[in-house]
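Visitor: I have a model open and would like to learn how to read it. Please take me through its features one at a time.

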Amino acid sequence: MECMMCEILYLEKEDQAYQHQFILHAALDVVQDLAWTTNAMSLKSVDRFNELVVSVYVTAGHTRFMLLHDTRTEDGIKSFFQEVHELYIKIFLNPLYLPGSRITSSHFDTKVRALARKYL
């Protein structure tokens, strides 16, 4: 019985991950429209689903950082996005990085997670 319960919890968590991806992808149309109508980099909350909010930050090169969250700390989210943008620029300036490719740096991942703990 215990293994069956663990499997159900795992499936629910996996379904939730897919749902979160779907919410973010659905918000891309709104982001696309807003990105061309404003000069602001931080688009704040652009979409909602139940109690979840999608916040977006768009760089000058139109790279989109999207965050799905349930908190409402606008200052923390803005600071988080600004520092992630700085990390992204450092990766982008690396001559070995191919623009448009996936960022696989464990250092980048660790830094982003630390920023999330700090600001979110």
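Guide: Start with a side-chain pair. The side chains of His69 and Ser55 make a polar contact at 2.7 Å. A polar contact is a pair of N or O atoms within 3.5 Å; within protein, one must be able to donate a hydrogen and the other to accept it, and residues adjacent in sequence count only if both atoms are side-chain atoms.

Visitor: What kind of model is this, and how are residues numbered?

Guide: This is a predicted model: local features need pLDDT of at least 70, side-chain atom pairs count only at pLDDT 80 or more, and totals for chains, interfaces and linings use all residues. Residues are numbered from 1 along each chain as its sequence is written, and side-chain values use heavy atoms, with hydrogens and water left out.

Visitor: Where do the two partners lie?

Guide: His69 lies in strand β3. Ser55 is in strand β2, residues 52-58. Helices (H or I, at least four residues) and strands (E, at least two) are DSSP runs, numbered from the N terminus.

Visitor: Is His69 buried or exposed? And Ser55, buried or exposed?

Guide: Buried means under 20% relative accessible area, exposed over 50%, partly exposed in between (1.4 Å probe, protein chains only). His69 counts as buried because its relative accessibility is 8%. Ser55 is at 1%, so Ser55 counts as buried too.

Visitor: Which residues does Ser55 contact?

Guide: Contact means heavy atoms within 4.5 Å. Leaving aside neighbours within four places in sequence, Ser55 is in contact with Lys44, Ser45, Phe65, Met66, Leu67, His69, Ile77 and Phe81.

Visitor: How do I read the overall fold?

Guide: Follow the order of elements. The chain has three helices and three strands. Along the sequence they run α-β-β-β-α-α. Of its 120 residues, 26% count as buried. Among contacts between residues at least 6 apart in sequence, 43% join residues at least 24 apart.

Visitor: How do I find empty space?

Guide: Rolling a probe the size of a water molecule over the atoms shows where empty space is left. Here, the largest pocket has a volume of about 1,200 Å³. A pocket is an open set of points on a 1 Å grid over the protein atoms alone, where a 1.4 Å probe fits, with protein on both sides within 12 Å along at least five of seven lines; lining residues have an atom within 4 Å of a point. The volume is the space filled by probe spheres set on the points.

Visitor: What about backbone angles?

Guide: Most residues other than glycine have a negative phi. His62 has a positive phi of about 65° although it is not a glycine. His62 lies in the loop between β2 and β3. Its relative accessibility is 25%, so His62 counts as partly exposed.

Visitor: Which residue shows the exposed class?

Guide: Asn39 is one of them: it is exposed because its relative accessible area is 81%. Asn39 is found in the loop between α1 and β1 (42-49). The C-alpha atoms of Asn39 and Ala60 are separated by 8.9 Å, with the two 21 residues apart along the chain.
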